[in-house]
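Me: I would like to learn how to read a protein structure, one feature at a time. Could we work through an example together?

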Amino acid sequence: NHRYGKKLIQTYSVFPNQEETSDVVVQPYNSVLTLKRLILNCDCVVVLDNTALNRIAVDRLHISNPTFQQTNSLVSTVMAASTTTLRYPGYMNNDLVGIVASLIPTPRCHFLMTGYTPLVPPKQTNAVRRTSVLDVMRRLLQQKNMMVSTSTRNKDHAKSKYISILNIIQGEVE
C-alpha cells in the first residue's frame, strides 16, 4: 500500500466452513496465513464465510444442497450491490475513499460484515413486495441476512453493537 498512496485495496474474502471438516488438510493454515496478508496489505476487507452463505441458501433461498455456483451467485450479488455507488455515481458515496473513510475508524479495524435483503428464491423473482426504508434497514441487521457467521456470548442479536453502518438502498424510495 505504501507504493500506491492514493489507491485503496478492497477485497471480498470468503472464509471456509466452520462446521464441516475439509478434504484439504491445510485449510486452517491457509486461512491464518491469508488473514495476516489481509491485515497488513488491505484497506478494506468485506468478510463472507461459507457457513453463512450455505445457511442463507438453505434457509432463505430454499435450496436443499447448495452448489458452488449458487453460493458464488450470492457473493457476486453482494459484490455488485456494494459497488453500485461506484459504478453509477450519485450525490453521496461515489468514490471508494469516501466510503472506506466513513466505515473504518482505524486502519486495523478494516474488516466489514455485510447483509443483503431481499433474498428471493430464483423462481420467485416477482415476489419482492414494496416496503419501507425502515423495514429494509431492520432486515439488513437481522442475523438471518448477514453473510458472516458470528458467535456472540449474548444470543440476543437485537442488542448487537455496530461501529458504523452504510446502507445502500436501490429503487424508488418513499
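**The buried side of a helix**

Reply: We can start with helix α3, where Thr71, Leu74, Val75, Val78 and Ala81 are buried. These residues cover an arc of only 135° around the axis, which puts them on the same side of α3. Keep in mind throughout that this is a predicted model.

Me: Why do residues three or four places apart in a helix point the same way?

Reply: An α-helix has 3.6 residues a turn, so residues at that spacing point the same way. In this structure, the buried residues of α3 pack against β1, β2, α2 and α4 (84-87).

Me: Which exposed residues does the face of α3 turned away from its buried side carry?

Reply: That face carries Phe68 and Gln69, both exposed.

Me: What span should the 15 residues of α3 have at 1.5 Å a residue?

Reply: Helix α3 covers residues 68-82 and should span 21 Å. Its end C-alpha atoms are 21 Å apart, which agrees with that expectation.

**The chain as a whole**

Me: How many helices and strands are there in the protein chain?

Reply: The protein chain has 6 helices and 3 strands. Starting at the N terminus, its elements follow the order β-α-β-α-α-α-α-β-α.

Me: What share of the residues in the protein chain is buried?

Reply: Of the 174 residues, 27% are buried. As for contacts, take those between residues at least 6 apart in sequence: 74% of them join residues at least 24 apart.

**The sheet**

Me: What order do the strands of the open sheet have?

Reply: The sheet has 3 strands in the order β1-β2-β3, and their pairing is parallel. The edge strands are β1 and β3 (111-112), each of which pairs on one side only.

Me: How many bridges join β1 to β2, and how many join β2 to β3?

Reply: Strand β1 pairs with β2 (residues 44-49) over 6 bridges, in the parallel sense. Between β2 and β3, also parallel, there are 2 bridges.

Me: Which residues stand opposite each other?

Reply: Gln10 stands opposite Cys44 of β2, and Phe15 has Asp49 in β2 as its bridge partner. On the β3 side, Val46 stands opposite Leu112.

Me: How do the side chains of a strand alternate?

Reply: In a regular strand they alternate between the two faces of the sheet.

Me: Why does Ser13 count as buried?

Reply: The cut-off for buried is under 20% relative accessible area. Ser13 counts as buried because its relative accessibility is 12%. Leaving aside neighbours within four places in sequence, Ser13 is in contact with Leu38, Val45, Val46, Val47 and Leu48. Ser13 and Val45 are 32 residues apart in sequence, yet 6.8 Å apart in space, C-alpha to C-alpha.

Me: Where is the place of Arg60?

Reply: Arg60 is in the loop between α2 and α3. At 22% relative accessibility, Arg60 counts as partly exposed. Not counting residues up to four places away in sequence, Arg60 touches Arg55, Leu119, Pro121, Lys144 and Asn145. Arg60 and Pro121 are 61 residues apart in sequence and 7.4 Å apart in space, C-alpha to C-alpha.

Me: How far around helix α6 are Asp135 and Arg139 separated?

Reply: Asp135 and Arg139 are separated by about one helical turn, because they are 4 residues apart in helix α6 (residues 133-140). Arg139 is buried, with a relative accessible area of 17%.

Notes: Residues are numbered from 1 along each chain as its sequence is written. This is a predicted model: local features need pLDDT of at least 70, side-chain atom pairs count only at pLDDT 80 or more; totals for chains, interfaces and linings use all residues. Side-chain values use heavy atoms; hydrogens and water are left out. Two strands pair if DSSP finds at least two bridges between them. Buried means under 20% relative accessible area, exposed over 50%, partly exposed in between (1.4 Å probe, protein chains only). The expected span of a helix is 1.5 Å times one less than its number of residues. The arc is that of the directions from the helix axis to the C-beta atoms. Contact means heavy atoms within 4.5 Å.
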